[in-house]
Amino acid sequence: MDKLRHRDNNLGMSILSEILAHNSQFVEKKEYEPFLTDRFPDKKLAVLTCMDTRLVELLPRAMNIRNGDAKVIKNAGAIVSHPFGSVMRSLLVAVYELNAAEIAVVGHYGCGMTGLSCDRVLEKAIARGVNAETLRTLHHAGIDLNHWLTGFTSPEEGVRQSVSIIRKHPLLPKNVPVHGLMICPETGRLDVLSDGYGSNG
Ligand SMILES: [Zn+2]
């Protein structure tokens with residue numbers, strides 16, 4: 001328990017101990033019952049979206065996605081950064097193993113990945129105790145931190161790039177529509193950048 005207490009918040013509880021205290025009540029009172037479902041998405045949809053905190057509840061409500069409806073993959077910026085990375089693998093698993101029939105990439109206005117600067121992130125890392133020598137070692141080992149830690153110039157561009165990587169993926173069946181959408185993080189309004197049925201984009 002000491003470890004759980006070492007980062008007390010203003011309630012005098014650590015984040016984890018607060019979660020665990022809630023959790024035992026949640027299970028005991030069977031509050032999980034409304035969420036019972038299986039692992040196959042009822043709406044046959046896989047969604048790639050951003051980890052932005054404003055979307056945690058808003059996005060599923062705005063898209064009418066409930067527990068059991070969709071596979072939801074999240075990262076910073078809703079980005080597929082590599083065609084053979086973990087996001088693309090998750091999408092392929094959703095399609096082949098879990099019967100997702102369509103994919104939606106949902107970026108959002110005001111995304112924190114817009115103009116993310118590698119230098120700024122690394123400055124903060126050094127300020128938090130990461131050794132500058134470690135950064136040089138990574139650089140010499142051929143790891144392109146600058147490319148890896150740089151965001152997009154606009155979230156729309158990010159969505160278009162991700163949609164393009166997914167659509168062109170050699171392992172994705174041609175009959176899986178891939179949609180590119182933007183969501184407003186305040187109102188939940190969706191704008192279609194490109195629908196996967198071929199009518200635009
Ligand atoms: Zn975002």
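A pocket, on a 1 Å grid over the protein atoms alone, is an open set of points with protein on both sides within 12 Å along at least five of seven lines; lining residues have an atom within 4 Å of a point.

The model is predicted: local features need pLDDT of at least 70, side-chain atom pairs count only at pLDDT 80 or more, and totals for chains, interfaces and linings use all residues. Residues are numbered from 1 along each chain as its sequence is written, and side-chain values use heavy atoms, with hydrogens and water left out.

**View 1. The second largest pocket and its 18 lining residues.** Nearest the centre of this pocket lie Phe 35, Pro 60, Ile 65, Arg 66 and Asn 67. The space inside is about 510 Å³, where a volume is the space filled by probe spheres set on grid points joined across faces, edges and corners. Two elements give two or more residues to the lining: α3 (55–62) and β2 (70–75). Helices (H or I, at least four residues) and strands (E, at least two) are DSSP runs, numbered from the N terminus. Helix α3 gives the most, with 5 residues. By class, the lining has 9 nonpolar, 4 polar and 5 charged residues. Ala, Val, Leu, Ile, Met, Phe, Trp, Tyr, Cys and Pro count as nonpolar, Asp, Glu, Lys and Arg as charged, and the others, Gly among them, as polar.

**View 2. The largest pocket, with about 650 Å³ of space.** Its lining comprises 20 residues, and Ile 79, Val 80, Ser 81, His 147 and Trp 148 are the closest to its centre. Helices α4 (86–96), α7 (145–148) and α8 (155–167) each give two or more residues to the lining. The most come from α8, with 4 residues. The classes here are 9 nonpolar, 11 polar and no charged residues.

View 3. His 108 is buried, at 0% relative accessible area. Cys 111 is also buried, at 7%. Buried means under 20% relative accessible area (1.4 Å probe, protein chains only).

**View 4. The two ends of helix α6 (residues 132–140).** At the start of α6, a side-chain oxygen of Asn 131 comes within 2.8 Å of the backbone nitrogen of Glu 133. Just after α6, Gly 142 has a positive phi of about 90°.

Definitions and conventions: A polar contact is a pair of N or O atoms within 3.5 Å; within protein, one must be able to donate a hydrogen and the other to accept it, and residues adjacent in sequence count only if both atoms are side-chain atoms. On a 1 Å grid over the protein atoms alone, a cavity is a set of points where a 1.4 Å probe fits but cannot get out, and a pocket is an open set with protein on both sides within 12 Å along at least five of seven lines; lining residues have an atom within 4 Å of a point. Buried means under 20% relative accessible area, exposed over 50%, partly exposed in between (1.4 Å probe, protein chains only).
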